[in-house]
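I set down each point as I looked it up.

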Amino acid sequence: MTARWSERQVAMLREMGVQHFWPLQPEVPPEASAVARPALPAEPVSAAAAVAQALPQRALAPAQAGAAPLGPRPIGVETMDWPTLRDTVTGCEACGLCRGRRNTVFGVGNTRARWMLVGEAPGEQEDRLGEPFVGRAGQLLDRMLAATGLTRAEDEAERQVYIANVIKCRPPGNRNPLPEEVAQCEPYLLRQVALVQPTLILAMGRFAVQSLLKSSEPIGRLRGRVHDYHGVPLVVTYHPAYLLRNPADKALAWDDLCLARELVQSRA
Ligand code: SF4
C-alpha cells in the first residue's frame, strides 16, 4: 500500500514534526483488523468494581490528594438531552473532584461529528478555561487534526470533531483519577457518545485508553487495531502532551490517525 500525501498534508505533517512520509500505515493482518472487543466480566459487576479491576495498580493507590467521599449520583443521565446533560455536569457533585474545580470541562465540537476524540481529564489550563486540549498540547492536536483533514473550528461543521474527556473535573495536582471517580463520571461520557453517535472514537493517552477499554495494557500493545466501545469502533493513540515529550512517536500517532481515517472513510 502506498500512501500519497498532498502538499498540504506534507506541510501539516512537518508541523506535527513527522519528518518521513513513507507508507506509515502498515498492512493490518485480517485477524488484527477485526474489531477487538474489550474483555468483559462474565457476571455483571458495578461500574466502579469493573474499573477498579481494570485500571493499573498505580491508579488504585488509596488516600490520594483530593480523594473524598462520593456524593449522590445523578439519575436519568442515560436519557438526558444536551442542555440537561451539560447543566447536570456543571452542577455535579458525584465525586470529590467537584471540590477543587474552577470549571467543569464538558466537551466541545460538532454534536453530530463522525470523529469523537476522548482525552483523559482536565489539566490546569483546561480547568481555568472550561475547554479540553488547550495550551501547547492543544495546539499540537489542532495540527494533527489539520493533517487528517479535520478541525475543531465551529465554522467547518463537516470536518469538525467532537472532543470530550473521561473525567470532567480536574484532579488535584494532575494526579490520575481514582477508579471510583471514573465510575461516577463515565455515565456522562456514555451519554455524550450516545448523543453524538460518532463513526469512530479516537482515545488519546494511556489513562483514557485504559479507562475506556477496561484494560491495563500499555498503549503500545493496544494501538494498531480497532477496538469497540459500547458498539462504536475505537482507535487508540498517544496524548499530544506525551508526543511533545516524545517527538519520535509522532510518526506512530500519524499511523494511528491513518488507521482511524481509513475506518471512517470505509463507513462513509
Ligand atoms: S469528575 Fe465527573 S463525577 Fe466527579 S464531580 Fe466532576 S462531573 Fe461529577
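**Entry 1: contacts along the chain**

I first asked what share of the contacts in the protein chain with a separation of 6 or more comes from residues 24 or more positions apart. I found that such residues account for 74% of these contacts. A contact here means that the C-beta atoms of two residues, placed from the backbone, lie within 7 Å.

**Entry 2: what kind of model this is**

I noted that this is a predicted model, in which local features need pLDDT of at least 70 and side-chain atom pairs count only at pLDDT 80 or more, while totals for chains, interfaces and linings use all residues. I numbered residues from 1 along each chain, as its sequence is written.

I looked up pLDDT, which is the predictor's confidence in each residue, from 0 to 100. Its mean over the protein chain is 82, and 74% of the residues reach 70 or more. Over residues 21-63 the pLDDT stays under 50, and the model has 65 contacts beyond four places in sequence for that stretch.

**Entry 3: overall make-up**

I listed eleven helices and six strands in the protein chain. These are DSSP runs numbered from the N terminus: helices are H or I with at least four residues, and strands are E with at least two.

I then looked up burial. A residue is buried if 20 or more other C-beta atoms lie within 10 Å of its own, exposed if 12 or fewer, and partly exposed in between, with C-beta atoms placed from the backbone. Of the 268 residues in the protein chain, 43% count as buried.

In what order do the six strands of the open sheet stand? I read the order as 1-3-2-4-6-5, with mixed pairing. Strand 1 (108-109) and strand 5 (227-229) are the edge strands, each pairing on one side only. Two strands pair if DSSP finds at least two bridges between them.

I followed the pairings of strand 2 (residues 115-119). Strand 2 runs parallel to strand 3 (residues 162-165), and four bridges join them. Within this pairing, Val 118 has Ala 164 as its bridge partner, and Gly 119 has Asn 165. Strand 2 also pairs with strand 4 (residues 200-204) in the parallel sense, over four bridges. There, Trp 115 is partnered by Leu 200.

I next checked strand 1, which pairs with strand 3 in the antiparallel sense over two bridges. Gly 109 has Tyr 162 as its bridge partner, and Val 108 stands opposite Ile 163.

**Entry 4: the two faces**

In a regular strand the side chains alternate between the two faces of the sheet.

**Entry 5: two residues**

Why does Leu 117 count as buried? I found that it does so because it has 28 C-beta neighbours inside 10 Å. Leaving aside neighbours within four places in sequence, Leu 117 is in contact with Val 161, Ile 163, Leu 202 and Met 204. Leu 117 and Leu 200 are 83 residues apart in sequence, but 8.5 Å apart in space from C-alpha to C-alpha.

I also looked up Tyr 242, in helix 10 (residues 240-245). Tyr 242 counts as partly exposed because it has 16 C-beta neighbours inside 10 Å. Tyr 242 and Met 204 are 38 residues apart in sequence and 9.8 Å apart in space, C-alpha to C-alpha.

**Entry 6: helix 8**

I found helix 8 (residues 206-213) lying across strand 2, strand 4, strand 5 and strand 6 (232-237), and running at about 130° to strand 4. Such angles run from 0 to 180 degrees between N-to-C directions, with axes fitted to C-alpha atoms, for helices over the stretch in contact. Eight of the eight residues of helix 8 are buried, including Arg 206 and Gln 210. Lys 214 follows helix 8 and has a positive phi, near 50°.

**Entry 7: the ligand**

Which residues are closest to the ligand? I noted 14 residues around the ligand, the closest being Cys 92, Cys 95, Cys 98, Cys 169 and Cys 185. A residue is near a molecule if its C-beta atom, placed from the backbone, lies within 6 Å of it. Helix 7 (residues 179-196) gives the most to this shell, with three residues.
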